[in-house]
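Hello,

Here is the structure I said I would pass on. My notes on the pocket and the aromatic contacts follow.

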Amino acid sequence: EEGNSDADNYRDATLNAAHGQGVSMTADSDIPSVIGKGQLFDGAGDYITVSQEPVFDLTTAMHISAWIRVDNFDLGYQTIASKGGDAWRVSRTNTTDALHVALGLESEDDFFDIYGRAGVNDSSWHQAVFTWDARELCIWVDGAQDTCAASHASIPAIPANDHEVCIGSNPLANRFWEGGIDELRISSEVRSPGWIKLNYEN
């Protein structure tokens with residue numbers, strides 16, 4: 001979509017109609033991407049909110065994917081997308097050039113997370129995928145598995161909450177993304193490794 005801050009102008013392509021609204025997004029936020037155009041986030045306070053938050057209470061399984069481009073990593077856990085601090089959040093790691101995913105347990109300070117190894121801080125577009133199926137939590141980069149860990153014994157489900165989904169930010173901590181994000185997809189159906197690879201290649 002063209003960068004703007006109009007209500008519901010970032011259109012959800014699914015029947016959920018979970019449209020987004022930009023915060024400090026402008027026409028300059030519209031940039032070329034791998035598939036058409038993506039959005040540029042300046043790392044200084046712009047992001048997109050999605051108010052239809054119950055759709056994204058991914059309590060039993062999670063599959064999140066996005067094309068991302070890093071322009072600058074200068075803050076720990078700069079966020080691709082999040083649903084508060086006590087449900088799910090996907091981001092960079094604290095200090096490295098790789099990716100991170102965290103699932104809430106009981107609170108923002110009680111969570112199960114894993115750290116990737118593949119570097120993405122090279123000003124190039126990469127496809128990032130984060131999956132959880134109650135058995136394994138995984139990170140995939142450009143169609144290949146980066147890292148996986150057996151699911152935390154005390155997390156049979158991801159907690160639901162009332163937070164809006166934020167793209168380019170975790171508003172509870174002001175961890176703003178600096179770079180591009182495009183084709184964000186959030187689903188409760190985990191795809192196979194073959195599907196992830198084929199989706200990246202195509």
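Aromatic contacts

R191 sits over the face of W195, 5.1 Å from the ring centre (a charge is over a ring if NZ of Lys or CZ of Arg is within 6 Å of the ring centre and within 35 degrees of the ring normal). The model is predicted, so local features need pLDDT of at least 70 and side-chain atom pairs count only at pLDDT 80 or more, while totals for chains, interfaces and linings use all residues. Residues are numbered from 1 along each chain as its sequence is written, and side-chain values use heavy atoms, with hydrogens and water left out.

There are four aromatic pairs (rings of Phe, Tyr and Trp, the latter by its six-membered ring, with centres within 6.5 Å; planes under 30 degrees apart are stacked, over 60 edge-to-face, the rest tilted). One of them, F73 with W177, is edge-to-face, at 5.7 Å centre to centre and 80° between the planes. F73 is buried at 11% relative accessible area, and W177 is buried at 0% (buried is under 20%, exposed over 50%, partly exposed in between, with a 1.4 Å probe and protein chains only).

Pocket

The largest pocket holds about 860 Å³ of space (a pocket is an open set of points on a 1 Å grid over the protein atoms alone, where a 1.4 Å probe fits, with protein on both sides within 12 Å along at least five of seven lines; lining residues have an atom within 4 Å of a point; the volume is the space filled by probe spheres set on the points, which are joined across faces, edges and corners). Its lining has 32 residues, with R11, D12, E183, L184 and R185 nearest the centre.

Regards
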